[in-house]
Each structure stands twice: as C-alpha cells, then as structure tokens.
Amino acid sequence: MNKKVKNEKINQLEQEAHVVSGGQILTSSFGVEVLDNQNSLKAGETGPTLLEDFLLRDKMIHFDRERIPERVVHARGLGAHGYFEAYEGNEKWTKAHFLTDTKNTTPLFIRISTVQGGRGSADVVRDVRGFAIKFYTQQGNYDIVGNNIPVFFIQDAIKFPDFVHAVKPENGNEVPTGQSAHDSFWDFISLNTETAHMTTWVMSDRAIPRNLRSIQGFGVHTFRFINANNDAFLIKFHWTPKQGVAQVLWDEALKLNGKDPDFHRRDFEDAILQGNYPEWELGAQIFTEEEAAQWDFDVLDPTKLVPEELVPVTPLGKIVINKYTDDFFAETEQVAFSPANIVPGIDFSNDPLLQGRLFSYTDTHLHRLGGANFNQIPINKPVCPYHTNRRGGYANHEIHPGKANYEPNTLDNNWPREAKSDATAFKTHPEKVQGSKLRVRPESFADHFSQATLHYQSLAKHEQQHIKDAYAFELSKVKSQEICERVINAILVHIDFDLAKFVANELGLAVPKKSTLQKAAAKIKTSKKLSIEAFPAPDIKQRKVALLVHDKASAQSVEAIKVWAESENVIIKVLAPNSAPIQSKEGKEIEVDGRQNGEPSITFDAVVVIDGDNLDAFLSDGVAKHYVLESYKHLKPIVLLGDKQVLLKRLFLEKDIALFTADSFKSVQDNFKKAIQAHRLWEREDKTAAIPA
Ligand code: HDE
C-alpha cells in the first residue's frame with residue numbers, strides 16, 4: 001500500500017470510529033475537515049513551509065489572539081452556574097420580578113475572585129474576595145457585584161485608580177504578586193485615614209478564607225428597593241453562606257500558596273462534582289431615609305456598615321450553585337458584571353463610590369471584550385427577549401430583519417416601541433436633588449475611626465490577635481520606617497491602643513501616645529455579626545480527613561472510618577509513605593490514595609493516625625511525624641489510635657478537646673465530628689506558639 005492510500009485508509013477508519021463513538025471530526029474555523037493536524041504544508045518533505053497553508057494560518061491566527069487583557073483588578077477568579085429561589089413576602093419591599101416570583105427559579109452565574117494578583121496568582125493570598133452574581137431575570141440581567149467584606153477602602157470613585165496602583169505590585173519591579181505587604185500599599189493607607197476601617201477587615205481572618213464556599217458576601221453600597229406602590233426603601237445586601245464562615249491560619253495560607261496554588265478553585269469544583277452544592281442566603285437590611293438620618297454615620301459612605309443591632313437582615317431567598325464552568329475562557333473570563341445592570345424594583349443610591357462604578361465597569365468591558373456587542377456573548381446575553389435598535393459594531397452576531405432600525409417609526413408599525421407603564425419597565429426613583437456643583441467630601445463622611453474600632457472590639461480574642469499579627473507581618477515587609485510610623489501614629493492608635501502598641505513593639509518602633517481623637521459616641525460598642533464566630537458550620541460535609549498509614553496498619557480501623565465518613569459526607573484519603581498499596585496487620589491490602597509528602601496536612605481539616613503493629617515505622621518517618629505536628633500547630637482535630645496513642649508524649653503534644661487518644665475510632669467519633677465542625681481549636685493557639693512553623 002503506498003503512503004497516500006495508507007493515510008486515506010487510516011483516516012477513513014478514524015472517521016468511522018468517530019462516528020461510531022459519536023465524536024466530532026476536527027475542522028478549521030470555517031468548517032473544513034482537517035486531514036492532518038500534525039504537519040504543516042511544505043514544498044517537499046524537508047522544504048520550506050508554504051504561505052498557502054491556510055490551515056496552519058487559521059490555527060495560528062486564533063492562537064496568537066487567545067488572550068485578552070486580564071481584569072485590572074479581580075483578575076483571578078472561578079465561575080459557576082446556579083439558580084436563585086425567592087422566599088415569600090418580598091413584594092412588600094420590591095417589585096423586582098426575580099425577588100417576588102416564588103414559583104420559578106432564576107438562573108445565575110457567580111464569579112468569586114481575589115483582587116490584587118494577576119490571573120496566574122495563588123488562591124489563598126491575604127486579600128478581599130470579589131463576590132459577583134449575574135441573575136438572568138425575566139426583566140433583564142441584574143448584577144450584584146459585591147465583596148466578602150462589608151465596607152470599602154475609599155469613599156469616592158476618583159481615588160480608585162490611585163488606590164489600585166498602590167495595592168498592585170510596585171511600579172518599578174512589579175513586586176510583590178498577590179500581596180498588600182509592600183511599601184506603596186501602606187504608604188497609601190497611612191496617607192488616607194478613610195481606609196482605616198476596611199484595612200482592619202483585610203488584616204482579619206476574613207481575608208484568608210478556608211474555602212470560597214465559606215465566605216459572606218456584601219453589596220457594600222446602600223441601594224434602593226421600590227415596591228409596586230412606588231414606596232422606596234434603602235437597603236444593604238448580605239449573602240450568608242449555608243456552610244458557615246471559616247478561615248485558615250496565616251502560616252497555612254503561606255504554605256498553601258506554594259504547595260497548592262489552586263486550593264480554593266479545586267475545592268469549589270470538587271464540592272459541586274460531589275453534589276455538596278454551595279448555598280448562600282440572600283438577605284437585605286431594609287430601612288428608611290428617616291431611620292438612616294438618625295444614625296451617627298452616613299449610609300452613603302461605603303466605608304461604613306449598618307450594624308445588625310440597628311437593622312437585622314431580612315432573608316429574601318437563596319442561591320444554589322450546582323454546575324462548574326465547561327469553558328473557563330468563554331464563561332469566567334468573558335463574563336461582564338456591572339453594578340449598572342439593574343432591573344425594575346431596584347435602584348441606586350448617591351454613594352459616590354457606586355456612582356463612579358456605574359461608569360467604570362462598562363468602560364472596562366468595551367476595552368476587554370472588544371467592542372459594544374459584548375452583551376451578545378452567551379454568558380452575558382439576557383435570557384429574556386430583548387429588542388433594540390442597536391446595529392453593527394465589531395463582532396455583531398445578530399441578524400435583524402425589518403426595514404426600520406429607529407424609533408418612532410411607521411415602517412415597522414413602530415416596533416420595538418416604548419413600554420406602556422412602569423409596572424414592568426425601569427423607572428428611576430424620582431429622588432429630589434438640589435445643590436451647587438462642588439468637589440467636596442461631605443462632613444458626614446469625616447469620622448474614619450469609630451467603625452474600625454467597632455469592628456476590632458466585636459471580634460473574639462483570637463481574631464483580634466490575628467489582626468495584630470497581620471499588621472505586624474505586613475509592616476515588617478515595608479522598607480520605609482516613616483510609612484510604618486505613620487500607620488501606627490495616624491491610623492492604628494485611633495483604632496485601638498493595644499493594637500498600635502503591639503505593632504510598634506513588634507517593629508521595634510516607639511509606642512504612640514493614646515489617641516485624643518473625638519470619635520462618634522459609640523452607642524453600639526460591639527456588633528455580634530462582625531465576628532466569624534457568629535457563623536458556625538451546620539455540618540462537616542466536604543471536610544477532608546487524612547488517615548496516616550504504614551505497613552501493618554489496621555485495615556479494620558481504616559474501614560470503620562470510611563463507613564463513618566460516608567455517612568457524614570466527609571472525604572477520606574489514606575496516605576502512606578508512597579502510593580503503593582500497603583499490607584495491613586490483618587494480612588489484607590489497603591488501597592492508598594496518595595503520599596503523605598504529596599498531600600500535605602495543610603490541605604486537610606483533620607488527621608487520624610491509624611493503629612497497627614508499626615509504631616517504629618511511624619517514629620522513624622520524619623514526614624509522618626511532621627504531619628501530626630503541623631496539624632497540631634494548625635489547631636486541627638487529631639485522633640491517635642491504638643499503639644499511636646504514645647505519640648502524645650513522644651511528640652510533646654498536649655491533650656485537649658480536639659486531640660483524641662483511643663483504642664477504637666468509634667469511641668471518639670462523635671467528639672471528633674464536633675471538633676471538625678468547629679474547624680479549629682482556638683484555645684490551642686497559645687500552646688503551639690513555640691512549635692516551629
Ligand atoms: Fe470593582 N471593578 N471597582 N469593586 N469589582 C472591577 O471590572 C471599580 C469596587 C468588584 O468577577 C473591574 O470587569 C471602580 C467595590 C468585583 O468580573 C473594574 C471602583 C466593590 C469585581 C472595577 C470599584 C467592587 C470588580 C475590573 C470604585 C465591592 C470583579 C474588571 C469606584 C462592592 C467582577 C471588571 C468579576 C471588578 C472598577 C470598587 C467589586 C475596573 C472604579 C466597592 C467583585 O471595572
């Protein structure tokens with residue numbers, strides 16, 4: 001058979017195979033079937049490549065343009081699909097169809113992101129998490145483009161480019177990636193006292209979440225609800241995770257970013273694939289302008305939150321996230337959120353940060369997505385019918401029959417025409433506005449510290465200590481002593497004296513004098529819901545437990561734990577010195593899921609050291625010993641079974657309510673569950689300070 005005939009034969013067989021398996025033949029961008037995708041067209045076997053090779057050019061031209069500009073901020077993120085289900089009774093507040101229709105669900109797309117790092121940066125950096133949701137409602141797309149922190153750094157949009165330049169890697173050397181621990185960020189903070197409140201949140205455990213299923217979300221700005229009677233209410237959006245809120249330790253975060261930079265994205269996808277769908281409840285604090293006028297802060301100031309002691313959160317509905325993306329670029333990279341995407345029943349407020357955002361997002365999309373037709377990209381396209389007279393532009397995909405592309409017209413009987421009433425169409429709330437044109441900051445935005453203090457004072461002891469440690473860590477990376485001194489003297493001391501003193505001592509700088517600043521008389525001294533402790537986990541679904549084994553481990557114990565894990569929806573991984581199956585003490589083989597070295601303790605929530613006839617093997621294995629010590633240091637639940645109970649003494653551990661020694665797993669499983677549910681044993685933190693990281 002000559003070469004050509006042979007190739008044709010193979011190809012025919014391959015084509016048939018594709019048809020049989022229901023697969024698809026590779027084509028060019030224009031649909032021509034490709035016969036050879038391995039070799040370009042040459043003049044002779046070793047000759048030069050021919051310009052004529054339209055298949056090579058077609059492939060390269062697209063490849064050369066595969067990247068689009070990454071987002072200036074929030075470049076790294078994950079995306080997933082889900083739906084929203086409204087609760088009964090929301091029509092009292094709003095006429096928004098998706099919030100009042102309790103018979104149907106509304107499809108949605110969520111994107112959760114970090115802010116500072118580029119698209120290829122690590123997941124568990126200390127940073128704000130973006131929490132953006134696009135609801136594909138029957139009245140058009142509605143986006144809530146929020147964060148996992150209820151306030152923001154600055155009060156006016158005009159300062160945003162300066163803030164972002166300061167927090168991003170520094171101008172000269174593009175260092176550091178995914179971190180705020182550098183001179184330009186802290187320079188900006190020290191010179192802008194309005195950042196004080198938000199910075200306490202970014203230095204808190206909120207900025208190093210355990211996973212992205214366990215973060216709260218906030219709309220940050222004050223928005224408006226309008227009901228069918230045109231009554232208007234001011235509102236603040238809240239997203240409360242059904243999974244509870246949880247954090248990692250800073251030491252874990254630092255290690256995770258090296259050992260598993262995709263830790264959060266992997267966890268989110270795994271949870272969906274395993275049917276443990278992430279859920280959040282959407283709620284809103286709803287209040288009137290008259291109520292807001294009584295408070296000692298301005299609800300238009302995005303550096304302020306409304307304590308839930310003043311206005312509790314009214315639940316409005318829930319979201320369920322049940323499908324990860326199929327095509328990261330087409331969905332997560334091209335999704336275009338905007339706070340300006342709004343539907344009837346919801347309206348903006350005059351928050352000057354929000355007002356600037358209403359311009360910025362569309363402007364960004366025009367740049368990133370190549371023109372005015374980005375609404376036609378499938379992930380951005382409304383699911384409700386839409387009819388405009390917009391025509392042409394780059395990458396227009398729509399074909400509009402008919403003569404008239406203007407309104408009013410008679411040629412197409414004046415279709416599409418204006419809506420008849422505001423029952424379904426958008427109508428701006430007729431707020432009275434009056435005043436001189438001024439570039440000023442209102443006096444009501446002047447108090448920059450009261451709520452920073454409120455936040456700090458509302459936290460548990462360990463949360464406060466983590467904030468102290470975070471400021472000390474970050475500022476220790478700042479080269480300019482002058483900047484550090486300004487942060488301590490112009491910011492920290494006005495938030496909390498102990499905090500300022502701690503940081504000054506850690507940096508070897510002078511302890512400042514106590515603040516003499518007159519803050520708003522604090523009617524509310526602490527606010528319960530500002531602490532992570534107010535959002536415990538309801539169960540231990542999707543938590544990961546490592547079982548450490550060596551040859552001669554007890555297969556019976558491994559089996560018993562697996563049965564328990566199945567009933568609790570917990571993920572178990574049997575980890576051995578290498579990936580080969582091990583021989584159990586009962587003479588059976590135990591399947592191994594991974595190497596202890598390759599699946600470090602930082603990627604697990606708890607560890608069980610399995611009993612067996614192999615104590616010496618454990619004690620001569622540095623990786624295994626480090627595994628237990630590191631889990632202990634990171635305050636995680638640990639079970640030492642059978643002969644491994646002696647590790648308590650041999651590894652100098654101290655017994656506590658998350659460290660169990662037992663002959664059988666069954667005797668400790670209920671308390672082990674409670675310890676996993678609590679995530680960490682914070683009381684252990686003081687004792688572990690001396691253990692090296
Ligand atoms: Fe954004 N922001 N932002 N932001 N923001 C962007 O839009 C901007 C702000 C937030 O997953 C950009 O498409 C200005 C507050 C999220 O795609 C950009 C100001 C909050 C995301 C932009 C703010 C946010 C962005 C970058 C101050 C919380 C990611 C690329 C006036 C309430 C959305 C893009 C996604 C993204 C501008 C402040 C949240 C440049 C001008 C406050 C979650 O347009």
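## Reading the model

Helices (H or I, at least four residues) and strands (E, at least two) are DSSP runs, numbered from the N terminus. This is a predicted model, where local features need pLDDT of at least 70 and side-chain atom pairs count only at pLDDT 80 or more, while totals for chains, interfaces and linings use all residues. Residues are numbered from 1 along each chain as its sequence is written, and side-chain values use heavy atoms, with hydrogens and water left out.

## The iron site

Let's begin with the ligand. Y361 lies in helix α11 (residues 352–368), and its OH is the only protein donor of the ligand's iron atom, at 1.8 Å. Donors here are N, O and S atoms within 2.8 Å of the metal (3.2 Å for Na, K and Ca); water is not among the atoms, so sites may look incomplete.

## Helix α14

Helix α14 (residues 481–495) bends by about 35 degrees at I488, the bend being the angle between axes fitted to the seven residues ending there and the seven starting there. I488 is one of the buried residues of α14, which also include C484 and L492; buried means under 20% relative accessible area, exposed over 50%, partly exposed in between (1.4 Å probe, protein chains only). The buried residues of α14 pack against α5, α6, α12, α13 and α15.

## N614 in its loop

N614 sits in the loop between β16 (606–609) and α17 (615–619) and is buried, with a relative accessible area of 5%. Beyond its neighbours within four places in sequence, N614 is in contact (heavy atoms within 4.5 Å) with H550, D551, K552, A553, D643 and K644.
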